[in-house]
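Here is a friendly walk through one protein model, meant to be read with the structure open beside you.

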Amino acid sequence: MKSLTLNNGVKIPILGFGTYEILPAETKKAVLAAFKDGYRLIDTAQYYNNEREVGDAIRERELKREDVFITTKTMTDGYYETKAGLDESLAKSGLDYFDLVLICCSSVVVISFNSSFAFLYSSTVKLLRSDPFSPRSSSKPCSFKYFGNSSCTACKA
């Protein structure tokens with residue numbers, strides 16, 4: 001599977017397999033089939049209620065964690081609630097870290113630089129993104145934060 005290298009050196013596969021609307025009971029089988037077809041980016045979320053099954057599929061397939069890119073999304077508001085939600089997601093999935101966390105419901109669109117590094121130093125997240133289209137979002141143009149760089153290179157924000 002081809003991948004892109006982001007400005008912080010993180011590689012992200014160009015195609016991913018989404019688990020939205022896949023019932024938890026069917027998720028592991030679907031993700032295993034995706035792995036068989038060559039997918040290495042798997043998208044899950046707290047809302048989907050299938051993070052555990054995504055982690056189970058990784059372990060069953062016996063893939064090295066660094067060979068799979070896992071994205072999840074939080075349903076929390078605020079730094080501490082988001083951190084607690086992320087810890088819960090990690091526990092459910094049985095993973096040590098997520099490659100990308102999309103903070104979908106936060107009232108704070110741009111995570112402060114210091115807060116971003118708090119996540120980085122916890123070694124549980126490689127990339128953070130807050131949803132600019134959330135109804136509670138501010139009007140800032142871009143919310144991407146890549147660790148090691150305090151601004152988005154795509155829009156120069």
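Lys 28 counts as partly exposed, because its relative accessibility is 29% (buried means under 20% relative accessible area, exposed over 50%, and partly exposed in between, with a 1.4 Å probe and protein chains only). This lysine lies in helix α1; helices (H or I, at least four residues) and strands (E, at least two) are DSSP runs, numbered from the N terminus. Leaving out residues up to four places away in sequence, Lys 28 touches Glu 53, Asp 56, Ala 57 and Glu 60, where contact means heavy atoms within 4.5 Å. Lys 28 and Arg 52 are 24 residues apart along the chain, and 8.7 Å separates their C-alpha atoms.

This is a predicted model, so local features need pLDDT of at least 70 and side-chain atom pairs count only at pLDDT 80 or more, while totals for chains, interfaces and linings use all residues. Residues are numbered from 1 along each chain as its sequence is written, and side-chain values use heavy atoms, with hydrogens and water left out.

## The overall layout

The protein has 4 helices and 8 strands. Read from the N terminus, their order is β-β-β-α-β-α-β-α-β-α-β-β. Of the 157 residues in the protein, 46% are buried. Among contacts with a separation of 6 or more, 70% are between residues 24 or more positions apart.

Which residues have the most contacts inside the largest nonpolar core? They are Val 31, Phe 35, Ile 42, Ile 58, Ile 70 and Phe 98, in a core of 19 residues. A nonpolar core here is a set of buried Ala, Val, Leu, Ile, Met, Phe, Trp, Tyr and Cys residues joined through side-chain atoms within 4.5 Å. At least two residues of this core come from each of α1 (24-36), α2 (51-61), α3 (79-93) and β6 (98-103). Helix α1 gives the most, with 4 residues.

Another core lies apart from it and has 6 residues, including Val 10, Phe 69, Leu 100 and Leu 102.

The buried residues in α2 are Glu 51, Glu 53, Val 54, Gly 55, Ala 57 and Ile 58. Their cover includes α1, β4 (41-43), β5 (69-74), α3 and β6.

Just after α2, Glu 62 takes a positive phi of about 60°. Most residues other than glycine have a negative phi. Glu 62 is found in the loop between α2 and β5, and counts as exposed because its relative accessibility is 71%.

## The loop between β3 and α1

Glu 21 also sits in a loop, the one between β3 and α1. Its phi is positive, about 65°, although Glu 21 is not a glycine. With a relative accessible area of 66%, Glu 21 is exposed.

Is Ile 22 buried or exposed? Ile 22 counts as buried, because its relative accessibility is 19%, and its place is in the loop between β3 and α1. Leaving aside neighbours within four places in sequence, Ile 22 is in contact with Phe 17, Thr 27, Ala 30 and Asn 50. From Ile 22 to Thr 44 the C-alpha distance is 9.9 Å, across 22 residues in sequence.

## A tilted tyrosine pair

A search of the whole structure finds 2 aromatic pairs. Rings of Phe, Tyr and Trp (its six-membered ring) pair if their centres lie within 6.5 Å; planes under 30 degrees apart count as stacked, over 60 as edge-to-face and the rest as tilted. Tyr 20 and Tyr 48 have ring centres 5.2 Å apart and planes at 55°, so this pair is tilted. Tyr 20 lies in the loop between β3 (17-18) and α1, and Tyr 48 in the loop between β4 and α2, so the pair ties together parts that are 28 residues apart in sequence.

Tyr 20 is partly exposed, at 47% relative accessibility, whereas Tyr 48 is buried, at 16%.
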